[in-house]
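Me: I have a protein model open and want to learn how to read it. Can we go feature by feature?

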Amino acid sequence: MSDNQRNAAAGQRQKQYAQKVKTEQQNTLNSHGLTRKNEDFIYQLNKQLIAHGMHDDTKQEVLDDTIQQLKEGQKKGQTAKQLFGTPTAYVYKLGHPDRNKIAAANNSPYYLLALDNGLMFFAIFAFMFGLLAVMNPGSVSPKYHYGSSGLTALIIVAVTGGLLFGYISTLMQPYKDPETGEYKNRSWIFRIIMITLTFLAWIGIYMFVSLLPNSINPQPSKWSYLVMAVVVFAIDLWLRAHFHIVNNVFGDSRRARQREQRERQRQQSRK
């Protein structure tokens, strides 16, 4: 047998083997109930993952997850291309994690954001009023209207500030688009408008509580305010460390970047 004949025979055997593997894979995919186009997407995706040298266990995990998403998408009439783009683009995305998706995964829940802001607002205002009282002792005299420096007013301002700016913190974070499934940032114009409206609303609340009568709005001594400021500030720092509160108005952006970097490294290691 000549070299050309041997090469042709070897090529034919390779084609037969490749066709056998493809048939086996398609038979396996048929059991998942995927459409023909989605089956072909998984077949091409598998080839791409093999070409990129992904570990078998990790590859199977990616395929299983993708198949599950395709099955869910089929129920809504979504195709593989709509969900993932091309197999090549999807593999690239797996190797280059979406920063918005990672940031969204690291978001702190709203109630923690509101609590963190509220405590910090209380500590700041309490320290400010205590310091002013030390510098100007006459400002705590009972003959004056306490206004916003009263304890009731301070609590209301801190609570509403926490709730309002906790909500603003969620608007600053990436969110998952319910239609496309992609993670996006809200437009700067929308965020600026919402921040402005929130700040104006909070100023309105601050002005309203300043009208409260002294009978329901007592004013603690200057040292009481300073002690409360220190204690509440310490509690807030403990909460931040214990619950890993990040991406807040007063949040720890450094810790958020560290968490984002760890998540990116974890996803890169799956490649």
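Predicted model: local features only at pLDDT ≥ 70, side-chain atom pairs only at ≥ 80, totals over all residues.

Me: How many helices and strands does the protein chain have, and in what order do they run?

Reply: The protein chain has 11 helices and two strands. From the N terminus the order is α-α-α-α-α-α-α-α-β-β-α-α-α.

Me: What share of the residues is buried?

Reply: Of the 271 residues in the protein chain, 35% are buried. The cut-off is under 20% relative accessible area. The chain exposes about 16,600 Å², and carbon and sulfur atoms supply 60% of that area.

Me: How do I read contacts along the sequence?

Reply: Look at the separation of the partners. Take contacts between residues at least 6 apart in sequence: 74% of them join residues at least 24 apart.

Me: At what angle do α8 and α9 pack?

Reply: About 175 degrees, with the axes of α8 (residues 151–172) and α9 (residues 188–209) 10 Å apart. Angles over 145 degrees count as roughly antiparallel, so α8 is roughly antiparallel to α9.

Me: Which residues of α8 and α9 meet?

Reply: On the α8 side they include I156, V157, T160, G161, L164 and I168. On the α9 side, F190, R191, M194, I195, T198 and W202 are among them. By class, the contact divides into 17 nonpolar residues, three polar and one charged.

Me: What spans do α2 and α3 reach, against the expected ones?

Reply: Compare first C-alpha to last with 1.5 Å a residue. Helix α3 (residues 56–75) has 20 residues and reaches 29 Å, close to the expected 28 Å. Helix α2 (residues 36–51) has 16 residues and reaches 23 Å, close to the expected 22 Å.

Me: Where do positive phi values turn up?

Reply: Check what follows a helix. G53 follows α2, with a positive phi near 75 degrees. H244 is not a glycine, yet its phi is positive, about 55 degrees.

Me: Where does H244 lie, and is it buried, partly exposed or exposed?

Reply: H244 lies in the loop between α10 (222–243) and α11 (253–269). Its relative accessible area is 42%, so H244 is partly exposed.

Methods
Residues numbered from 1 in each chain as written. Heavy atoms only, no water. Helix = DSSP H or I, 4+ residues; strand = E, 2+ residues; numbered from the N terminus. Buried < 20%, exposed > 50% of the residue type's maximum accessible area, 1.4 Å probe, protein only. Contact = heavy atoms within 4.5 Å. Areas by Shrake-Rupley, 256 points an atom, 1.4 Å probe, with all protein chains shown as cover. Axes fitted to C-alpha atoms, helices over the stretch in contact; angles between N-to-C directions. Parallel < 35°, antiparallel > 145°, perpendicular 65-115°, else oblique. Nonpolar A, V, L, I, M, F, W, Y, C, P; charged D, E, K, R; others polar. Expected span 1.5 Å × (residues − 1).
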